[in-house]
Amino acid sequence: MRLVSTALSVMAYDYPTEKISVYVSDDGGSQVTLFACMEAVKFASHWLPFCSKNNTADRSPEAYFASNHSWSSETEQIKIMYENMKTRVETVLERGKVDEEYITEELERRILSKWTDGFTPQDHPAVIEVLLEGRKNRDIADHSMPNFIYVSREKSRTSNHNFKSGALNVMLRVSATMINAPIILNIDCDMYSNDPQTPLRALCYLLDPKHKSQLAYVQFPQMFLGINKDDIYSCEYKRPFQINLMGLDGLSGPNYIGTGCFFNRRAFFGGPSTISPPEIPQLGPHHVVDNLIQSRPTLDLAHKVAGCNYENNTRWGSEVGFMYGSLIEDFYTGFRLQCKGWKSIFCNPKRPAFLGDSPISLIDVLNQCQRWVIGGLQVGFCRFTPITFGIKSMGPFMGLAYTHYCFWPIWCIPITIYAFLPQLALLNGLSIFPKFSEPWFFLYVFLFLGAYGHDFLEFVVEGGTVQRWWNDQRMWTIRGLSCFFFAALEYSLKCFGISTYGFSVTSKMIDDEQSKRYYQGVFEFGVSSPMFVPLAMGAIINLVSFFVGLVRVLRGSNFEGLLLQMFLAGFAVVNALPIYEAMVLRSDKGRMSFKTTITSTCLALALYALASLLLRDRS
């Protein structure tokens with residue numbers, strides 16, 4: 001139903017419907033997803049004229065009916081239709097197949113019959129279905145409808161499908177065979193359009209004579225709906241998705257962040273002054289399509305370019321289209337486009353252009369970040385690394401900006417050191433920082449306050465709250481001790497051929513109890529994961545070292561020398577309060593597992609014993 005709402009929100013744009021074509025990429029090849037699309041296009045014949053007549057700002061039906069709008073008999077009727085559609089889709093989803101009672105036309109039966117016993121998400125032929133054709137289909141007000149095409153590319157267990165970037169390249173080729181529109185909007189299925197004027201805002205830049213010859217894309221910020229009041233997991237990602245994009249906009253432009261982005265099709269085929277033609281002219285950015293989208297030649301060619309072996313011996317993914325070679329295809333594609341000389345623009349209107357879902361479980365947040373970090377390392381150590389190739393192609397500022405993202409996991413080194421070393425020294429009565437009376441003490445204080453003060457000011461000026469900033473700092477530490485470390489470890493093992501990684505879709509599914517805890521601001525540790533072990537170890541060592549240091553100070557032992565270490569341990573203890581709560585105080589399903597708690601305690605004791613042996617002589 002998220003997919004349905006997103007599709008309907010872009011179909012209902014304030015833009016000539018005959019010039020809109022919506023392509024849904026179903027990489028899982030699900031009969032249920034196709035059924036949901038069929039239901040969406042039926043409802044669209046009522047929804048589109050309703051939005052146009054009432055000039056609604058919320059074009060996603062889910063968002064519209066959840067808001068406080070003035071109700072009328074027409075609104076009530078539309079809502080009933082939507083709820084009935086929602087019931088049908090969710091019933092089919094629960095059953096896992098489309099039963100005869102939900103098939104109303106022979107055409108639907110023919111389309112759905114393609115799902116045979118041998119049809120699996122990993123092994124199936126290409127399925128391309130034109131569910132709406134603007135030239136033929138009309139809404140209830142007798143206005144033309146947008147084109148709507150369902151695409152599930154061919155899959156084979158013996159072929160490399162290149163994850164999301166492979167699916168996007170199939171969409172580039174299929175759309176080229178049917179319409180070959182010069183402007184492409186890439187949007188995730190769970191991120192609906194929140195502003196019907198968005199295409200016009202993007203076209204202001206893409207059609208501007210001053211920019212269009214070098215403009216590859218217009219990027220809108222990624223914003224989220226449903227984040228709890230204090231954003232305990234820092235899912236807003238205010239810096240990478242909002243603040244930093246504004247800074248990059250002052251250089252060559254923002255990086256591509258994977259959704260909410262309007263592309264110039266021409267940008268996928270070479271640089272601004274040199275074109276890299278595809279292997280067949282029908283896929284070129286300037287090709288004019290003469291055939292109708294449901295004609296046999298068009299459909300045959302569309303199925304051909306959606307084949308799993310079509311890209312063999314071509315330049316797709318290396319020089320043409322979305323780039324292969326990284327789990328974060330968006331970041332790598334934007335980087336390569338800008339290295340070729342293309343520019344980009346950040347468009348951030350007051351009303352968010354797109355709103356999406358964010359994960360509400362800590363393990364999902366960390367897994368998502370781990371995938372991003374591994375993808376960044378893949379870019380950082382490839383032959384097009386930003387630190388050399390990027391600086392040479394784009395200049396030092398843009399090159400270093402991309403390098404910053406590529407080497408995020410390096411932060412796990414200082415974060416881990418500061419989470420454990422001063423505290424272990426404190427447990428052994430060893431002072432490793434300057435004393436209060438020494439000049440170097442004030443340098444540490446200045447650096448600490450200066451860094452946090454600058455970060456706080458930047459965050460709050462851009463609309464953040466104090467509590468959200470505090471949670472953002474806490475999550476930065478949590479990521480440094482968990483997903484940053486494990487991502488670097490997994491990437492290193494992969495380089496030695498020991499481990500493999502793949503593209504994992506971040507779960508946005510909502511469990512009622514989990515959702516209740518999330519909106520109460522309670523951390524979720526219910527899933528057993530090795531990423532929680534270093535977090536619990538750090539929490540235990542910091543708590544014990546703080547109280548041991550406090551006892552030492554009360555006994556009059558070296559207060560000056562231990563002050564900074566006491567402060568660090570106390571700072572960590574305050575940040576780790578949700579971890580202590582999950583370890584010993586909670587009894588719900590979101591508490592930390594007994595296995596993780598015991599493992600962390602044993603490892604913390606082992607680490608303390610090792611540190612005591614190493615530091616005994618010094619102390």
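Student: How many bridges join strand S6 to S9?
Tutor: Strands of a sheet pair through backbone hydrogen bonds, either parallel or antiparallel. Here four bridges link S6 (residues 215–219) with S9, and the two run parallel. Two strands pair if DSSP finds at least two bridges between them; strands (E, at least two residues) and helices (H or I, at least four) are DSSP runs, numbered from the N terminus. Tyr217, for instance, has Ser344 in S9 as its bridge partner.

By the way, this is a predicted model: local features need pLDDT of at least 70, side-chain atom pairs count only at pLDDT 80 or more, and totals for chains, interfaces and linings use all residues. Residues are numbered from 1 along each chain as its sequence is written, and side-chain values use heavy atoms, leaving out hydrogens and water.

Student: In what order do the four strands of the open sheet come?
Tutor: The order is S4-S8-S6-S9, with mixed pairing. S4 (183–186) and S9 (343–346) are the edge strands, each pairing on one side only.

Student: And which residues lie nearest the centre of the second largest pocket?
Tutor: A pocket is an open set of points on a 1 Å grid over the protein atoms alone, where a 1.4 Å probe fits, with protein on both sides within 12 Å along at least five of seven lines; lining residues have an atom within 4 Å of a point. In this one, Ile415, Tyr452, Gln473, Trp476 and Thr477 lie nearest the centre, among 49 lining residues. Helix H15 (439–461) gives the most to the lining, with eleven residues.
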